[in-house]
Amino acid sequence: MATEDATPTEDLAQLLARLKAEYGVNDSQIATATGVSPSTVNTWVHRKRQPRPDALRALAAAYPKFTEDQIFAAAGRKTPGPLAPEAEERLLELFRGLTAEQQELQEIQLRALNEHNRSALS
């Protein structure tokens, strides 16, 4: 019979506490490194709000001992896939070939997927 891992999942507030200890930084320094205000970091620490994906990526870039996968998982999100410049250009070219109505429909679908990814647990 398979057993489940009993290790509790670390949330973002817990990861931030570890990050602060590991790097010897405070909320203001994290804010500066991620391009947000200290009060925004405070809302993350006190579990009032979750950061946007760009802030999570900035956190991983500023504090490389913590990977994007770890940070996104702690925030309860799946890590977005990379988008190489060539892939971005191909997607834009495809999008440009659509009618205005088709572009609008695709934008609605993409927003729905993004919203799902923001709210879905890893």
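The talk below covers a helix pair and a pocket.

Modeller: This is a predicted model, where local features need pLDDT of at least 70, side-chain atom pairs count only at pLDDT 80 or more, and totals for chains, interfaces and linings use all residues. Residues are numbered from 1 along each chain as its sequence is written, and side-chain values use heavy atoms, with hydrogens and water left out.

Colleague: What makes H2 and H3 meet, and at which residues?

Modeller: Contact means heavy atoms within 4.5 Å. Asp-27, Ser-28, Ile-30, Ala-31 and Thr-34 in H2 meet Pro-38, Val-41, Asn-42, Trp-44 and Val-45 in H3. That contact has six nonpolar, three polar and one charged residue. Ala, Val, Leu, Ile, Met, Phe, Trp, Tyr, Cys and Pro count as nonpolar, Asp, Glu, Lys and Arg as charged, and the others, Gly among them, as polar.

Colleague: How do you know which residues line the second largest pocket?

Modeller: A pocket is an open set of points on a 1 Å grid over the protein atoms alone, where a 1.4 Å probe fits, with protein on both sides within 12 Å along at least five of seven lines; lining residues have an atom within 4 Å of a point. Val-36, Thr-40, Thr-43, Trp-44, Arg-49, Gln-50, Pro-51, Arg-52 and Ala-55 line this pocket. H3 gives the most, with three residues. The lining has four nonpolar, three polar and two charged residues.

Conventions: Helix = DSSP H or I, 4+ residues; strand = E, 2+ residues; numbered from the N terminus.
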